[in-house]
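The entries below follow the order of the search.

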Amino acid sequence: MLFPIYRPRRLRRNEIIRAIIRETELSVWDFVYPMFVVPGKKVKQEISSMPGIFRQSIDNITEEIKETRELGINAILLFGIPEKKDELGSGSYDENGIIQMALRKIKEEIKEVLLITDVCMCEYTSHGHCGIIENGEVQNDKTLQYLARIALSHAKAGADIIAPSDMMDGRVSAIREALDANGFENIAIMSYSAKYSSAFYGPFREAAESTPQFGNRRGYQMDPANVREALREIALDIEEGADIVMVKPALSYLDVIKAAREEFNHPLAAYNVSGEYSMVKAAGRLGWIDEAQVMMEILTSIKRAGADIIITYFAKEAAKILNSLRR
Ligand code: PBG
């Protein structure tokens, strides 16, 4: 069928026609909202490179979760910034660590919320690396024991989903084993399976104070040039027992999301990371782009590429727009 018989513009004439043929629909159910917990009371510090995103004490986090739930967002990804950092990142598995206390408090006050916890050591280690350092290198197998210990402490404190982001080999099975051995066989694992070594994490590292003090993360996070390797990583995590797999970052990796969607039937998450957020915010502030429209276009593209779950700092703003469209 060719012009003039076929005219694609017929189905673009007004919003109702466009809406009935639309292939991809964002929903507030797609979103996970990341939050940063710090020690103290009544703390609310805006992260300078991430306008609208705060580091907050547990009391304020709990209040903000109530707000996000009113917008229809029920899933939260929690990051903790401890009082003190040390070589072994001991704040990460402390029963009275920042995340463990936050989990207990939030669960006590809010019943219907899905709490996902990031399991990694970089926010807790003085050197800022994602594992235990010996001879100037992150030790894979030694780190696994710590990751399992962190995951278990999160589960005990009330986490619903454990999300390891460290990129050590074998961590999903180490965590699965520890959870199962302690009666947490119903706690799911969302693995950061294909996590790239990315400059897009810059603003997050300011927020979490987790910049490596020497070297970089290229010895454990993935090379941005590889997509077949991402599929091998995801396959491994699925074999080790991951319930949800993830591609991170999202925007420069839409092809990886697409490839993962085509290859696997597991639920797929994509992390629209800090730098992707900051770029849109910065350009929006300068008046160079329409921030809200760019945001919705980006989120739609991540879903169109094949993500079921979108982890995004835009969750609240996007939910407000989606909720207003429904009226
Ligand atoms: C911890 C972790 C990082 C992010 C999520 N978990 C930072 C890193 O690996 O350096 C990045 C999130 C973001 O940029 O929004 N390892």
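**Salt bridge entries**

I began with burial and noted that D30 is buried, with a relative accessible area of 7%. The model is predicted, and I read every value below as computed from it.

I then looked up the partner of D30. K303 forms a salt bridge with D30, and their closest N and O atoms lie 2.9 Å apart. This pair links distant parts of the chain, 273 residues apart: K303 is in helix α10 (residues 291-305), while D30 is in the loop between α1 (15-20) and β1 (31-37). I recorded K303 as partly exposed, because its relative accessibility is 21% and the buried class ends under 20%.

Next I turned to E209, which forms a salt bridge with K85 at 4.0 Å between the closest N and O atoms. E209 lies in the loop between α6 (202-208) and α7 (228-240) and K85 in the loop between β4 (75-80) and α3 (98-109), so the pair ties together parts 124 residues apart in sequence. I noted both residues as partly exposed, E209 at 39% and K85 at 26%.

I also examined a pair within one helix. K258 and E262 form a salt bridge, with the closest N and O atoms 3.5 Å apart. They are separated by about one helical turn because they stand four residues apart in helix α8 (residues 254-263). K258 is partly exposed at 43%, whereas E262 is exposed at 61%.

Finally, I found E63, K66, K105 and E109 linked in a network of salt bridges. My search of the whole structure gave 20 salt bridges.

Notes
Residues are numbered from 1 along each chain as its sequence is written. This is a predicted model: local features need pLDDT of at least 70, side-chain atom pairs count only at pLDDT 80 or more; totals for chains, interfaces and linings use all residues. Side-chain values use heavy atoms; hydrogens and water are left out. A salt bridge is a side-chain nitrogen of Lys or Arg within 4 Å of a carboxyl oxygen of Asp or Glu. Helices (H or I, at least four residues) and strands (E, at least two) are DSSP runs, numbered from the N terminus. Buried means under 20% relative accessible area, exposed over 50%, partly exposed in between (1.4 Å probe, protein chains only).
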